[in-house]
Amino acid sequence: MGPGDDRAGLYVHVPFCDRACPYCDFDFEVGRGPGFEGRVDAWLAGLERELGRRAAELAGSVFDTLYIGGGTPSAIPIGRMRALLGWLGDALGVEPGELRELTVELNPEHASPARLDALVELGVDRVSVGVQSLSPAGLRQLGRGHERADALASVAACVTHGLRTSADLIVGWPGQTSAQLGRELAELTDAGVEHLSIYGLTIEPDTPWPKLVRRGLRVLPDDDAQAELLCWAERELVDRGFVHYEVASYARPGAEAVHNGKYWRWLDVIGLGPSAASVRHRRSEGSGSGSGSGVVERWVNPRGLAAWLEPDAPSEHERLEGTQAAAEGLWLGLRRLQGIEVGRFLDRFGVDLAWLDARVARQVELGNLRWSAERAQLGVAPGRWLWHDTIAVDLLAPR
């Protein structure tokens, strides 16, 4: 890492969407009718109160990335986005021009010239466009509010505005073919995206999708077909010059997501807003030079705008120390396909080579991991990265 690469990231959660996608279990509420702007203002006031409560915790933090996610950040009026960024700049010293990266999530139907002009004016330099699919069948199943042409036009407009442009795609919806996926990847890369997040369709129990299955309006995705499509996407994107740098992330060389990388590189991220999570990494005090173990502390805000707005709304707190923290750091760091630097890992979490050797031995024997004195990473066999979650269960299991 270079100078300043260890600074913290700031995440702000926007809990508003125009519609509910049937697969989504994120924290959001729907509706832009009467009272919508009042709810947005209540959310902004809630952010200010949260920051006041956490002033001591944030004292001394230096941020170099800001990620505004959701929900759908582009669903709020641009005047409220302007107010948010101005307030953050005043309260935390997060001036857009001084950040390494300022990302806003954007839906294709919101990418009007006026909104993009305003985002650029406000210092936003990167957008993540929620494309999810370019196929009519995929868009219908995923409940999206745009058409193929809208998505491609929005990506092109973002690129034309000089915004670093990422797009999300969901892979493995029932009936999707490799030919369809190949066309989507070609169209998006030809339109100028420099980054793609590729997610397999995952259906959580509390989302609308299972209810639709019971009514005969949806079917569940096929895991094997999905895995084949994910591997197909990897081959197509690598052939087009993209680097597969994290389990679900592809980028042109040099266009990796700086903010997201903080999670995988054990850097602090502070989250504000409903359901937002914060994580801090430090070392406990030891009895001698270089002693002490790694500590990971995590806070998760209440889910739901109303619950989060309650005075003194409690957050869930988790503290991991010693080998627990090291195990978490190991599986999280392994999301980066270049792996982890062993020396940095040992220094950060206060464990030794013998612990690491024992922890990874079973996965190394299975061919899922490889490691040397310098680096540990997912196995080199094609598609081995698909096993990351299974590998994680083993790495996190108590020993």
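A salt bridge here is a side-chain nitrogen of Lys or Arg within 4 Å of a carboxyl oxygen of Asp or Glu. I looked up the total: the structure holds 20 of them.

**Ground rules**

I am working on a predicted model, where local features need pLDDT of at least 70, side-chain atom pairs count only at pLDDT 80 or more, and totals for chains, interfaces and linings use all residues. Residues are numbered from 1 along each chain as its sequence is written, and side-chain values use heavy atoms, with hydrogens and water left out.

I take helices (H or I, at least four residues) and strands (E, at least two) as DSSP runs, numbered from the N terminus. I call a residue buried under 20% relative accessible area, exposed over 50%, and partly exposed in between (1.4 Å probe, protein chains only). For contact I require heavy atoms within 4.5 Å.

**Helix α1**

I checked the length of α1 (residues 36-53) first. Its 18 residues should span 26 Å at 1.5 Å a residue, and the end C-alpha atoms are 26 Å apart, which agrees. The expected span is 1.5 Å times one less than the number of residues.

Next I listed the buried residues of α1. They are F36, V40, W43, L44, G46, L47, E50 and L51. Viewed down the helix axis, these residues fall within an arc of 160 degrees, so they line one face of α1. The arc is taken from the directions from the helix axis to the C-beta atoms. An α-helix has 3.6 residues a turn, so residues three or four places apart point the same way.

What does that buried set pack against? I found β1 (8-14), β2 (16-17), α2 (55-58), α3, β11 and α11 (305-309).

**Salt bridges, pair by pair**

I started with R80 and D41. Their closest N and O atoms are 2.9 Å apart. R80 sits in helix α3 and D41 in helix α1, so the bridge ties together parts 39 residues apart in sequence. D41 is partly exposed, at a relative accessible area of 35%.

Then I took R282 and E297, whose side chains meet at 3.6 Å, N to O. This pair links distant parts of the chain, with R282 in strand β12 and E297 in strand β13, 15 residues apart. Are the two partners buried or partly exposed? R282 is partly exposed at 39%, whereas E297 is buried at 14%.

E318 lies in strand β14 (residues 316-321) and R298 in strand β13, 20 residues apart. E318 is partly exposed, with 37% relative accessibility.

I also noted a network of salt bridges, which links E101, R126, R164 and E194.

**Around β13**

I picked V296 in strand β13 (residues 294-300). At 2% relative accessibility, V296 is buried. I listed its contacts, leaving aside neighbours within four places in sequence: V279, R280, H281, E318, R319, L320, A325 and F349.

E328 came next, in helix α12 (residues 323-333). It counts as buried at 14% relative accessibility. Beyond residues up to four places away, E328 touches R298, L320 and L396.

A cis peptide bond joins G70 and G71, with omega about 25 degrees. G71 is in the loop between β4 (63-70) and α3 (78-92).

Q132 is not a glycine, yet its phi is positive, about 70 degrees. I placed Q132 in strand β6 (residues 126-132). Q132 is buried, at 9% relative accessibility.

S275 also has a positive phi, near 65 degrees. S275 falls in the loop between β11 (269-272) and β12 (277-283). At 23%, S275 is partly exposed.

**Second largest pocket**

I ended at the second largest pocket, with about 280 Å³ of space. A pocket, on a 1 Å grid over the protein atoms alone, is an open set of points where a 1.4 Å probe fits, with protein on both sides within 12 Å along at least five of seven lines; lining residues have an atom within 4 Å of a point. The volume is the space filled by probe spheres set on the points, which are joined across faces, edges and corners.

Of its 13 lining residues, E256, A257, G261, R265 and R336 are the closest to the centre. Which helix gives the largest share of the lining? Helix α10 (residues 258-264) does, with four residues.
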